[in-house]
Amino acid sequence: MEELLEELLEECRHYTREGKLADYIPELTKGNLDDLGVYVVTSDGKRYRAGDYKKQFTIQSIVKPILLLQALMDNGIDYVRSRVGVEATGKPFDAINMTDQSLLSENINPMVNMGAIAMCSLIKGDTYEQRVQRVLELTRVLAGNPEIDIDHDVYLSEKRTGNKNRALGYLLKSYGMIQDEDVEGLVDCYFQACSIKVTSKDLANIGYVLASRGRLPGNEDRVFPSKYATYVNAILTTCGMYDGSGDFAVKVGLPAKSGVGGGIMAVAPTRMGIGIFSPGLDEKGNSVAGIKVLEKLSKRMYLSIF
Ligand code: DON
């Protein structure tokens with residue numbers, strides 16, 4: 001298996017330079033386009049890796065399934081579902097024009113920015129700082145890595161430039177989709193969550209927990225009920241790659257989430273968690289080489305769920 005991963009990285013290496021680093025968050029331009037790493041954790045507890053699997057990068061949108069999990073753990077499915085929809089938007093991650101009609105919670109889902117900001121409003125905590133700490137702690141537990149922390153430079157960089165996300169927060173407020181009085185504090189909670197620093201190993205571990213319906217590697221106890229994995233994996237399948245989700249479903253066929261830091265977390269239900277890192281992005285904000293590696297891995301190992 002490790003040989004296969006090495007082989008796939010070599011086959012896909014030339015794609016790393018076909019993508020571009022995200023530059024709308026200035027700090028992300030410090031990334032290295034040549035980085036390419038993969039990590040796999042299988043249901044029999046084995047671990048396989050190749051390339052730059054130890055490199056750290058910010059989780060960005062891959063925190064969205066974790067925000068959703070935390071919101072589910074705090075409120076249950078019925079309440080979360082009543083506040084935010086589950087339909088694929090077919091739009092970019094930061095879209096404002098979700099619908100031709102008046103904006104409703106049914107028009108968004110937890111994988112697009114507006115839905116993820118709404119998840120931050122459902123997470124429990126006396127202060128926004130407490131909510132951030134709870135999300136950070138859940139990320140550490142899912143990844144089995146107590147050292148995971150926030151990249152303050154990336155956080156401050158996004159805080160300085162993230163006016164579109166502020167606009168999305170105020171749009172949620174103006175349409176009565178969130179109750180928060182402090183929209184700035186809410187969006188700040190989202191910025192901090194996106195700035196959590198991980199490796200492809202961390203992403204593979206998190207993917208493994210979703211693949212094993214709440215179980216940590218080597219542990220029979222569940223971190224969350226199995227039905228939450230069904231909920232999260234379903235939305236990852238229909239909108240985890242935004243307006244690239246249909247193409248990804250046809251080519252890879254796995255629940256997955258991308259981030260503009262260059263990470264992709266993929267979930268092969270009952271079989272494995274996969275973490276990939278390559279920061280060159282396509283125009284949809286998804287890792288170009290990362291998708292290629294997943295496409296080849298899925299074909300070689302018959303991973304597609306379809
Ligand atoms: O909100 C943003 O724009 C970033 N913090 C996260 C966006 C992102 O990762 C989109 N995914 N590919």
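**Close-up views of the ligand site and the cysteines**

View 1. A backbone N or O atom of Val260 lies 2.9 Å from an oxygen atom of the ligand. The protein covers 99% of the 340 Å² of accessible area that the ligand has on its own (Shrake-Rupley method, 1.4 Å probe). A polar contact is a pair of N or O atoms within 3.5 Å. The model is predicted: local features need pLDDT of at least 70, side-chain atom pairs need 80 or more, and totals for chains, interfaces and linings use all residues. Numbering runs from 1 along each chain as its sequence is written, and side-chain values use heavy atoms, without hydrogens or water.

**View 2. The shell around the ligand.** The shell has 14 residues (a heavy atom within 4 Å of the ligand). Tyr24, Gln60, Ser61, Glu158 and Tyr190 come nearest. By class, 6 are nonpolar, 7 polar and 1 charged.

View 3. How many disulfides does a search of the whole structure find? The search finds 0. A disulfide here is a pair of cysteine sulfur atoms within 2.5 Å. The sulfur of Cys189 is 4.1 Å from the closest cysteine sulfur, in Cys120, so it is too far for a bond. For Cys239, the closest cysteine sulfur is in Cys194, 15 Å away, also too far for a bond.

Conventions
A polar contact is a pair of N or O atoms within 3.5 Å; within protein, one must be able to donate a hydrogen and the other to accept it, and residues adjacent in sequence count only if both atoms are side-chain atoms. Ala, Val, Leu, Ile, Met, Phe, Trp, Tyr, Cys and Pro count as nonpolar, Asp, Glu, Lys and Arg as charged, and the others, Gly among them, as polar.
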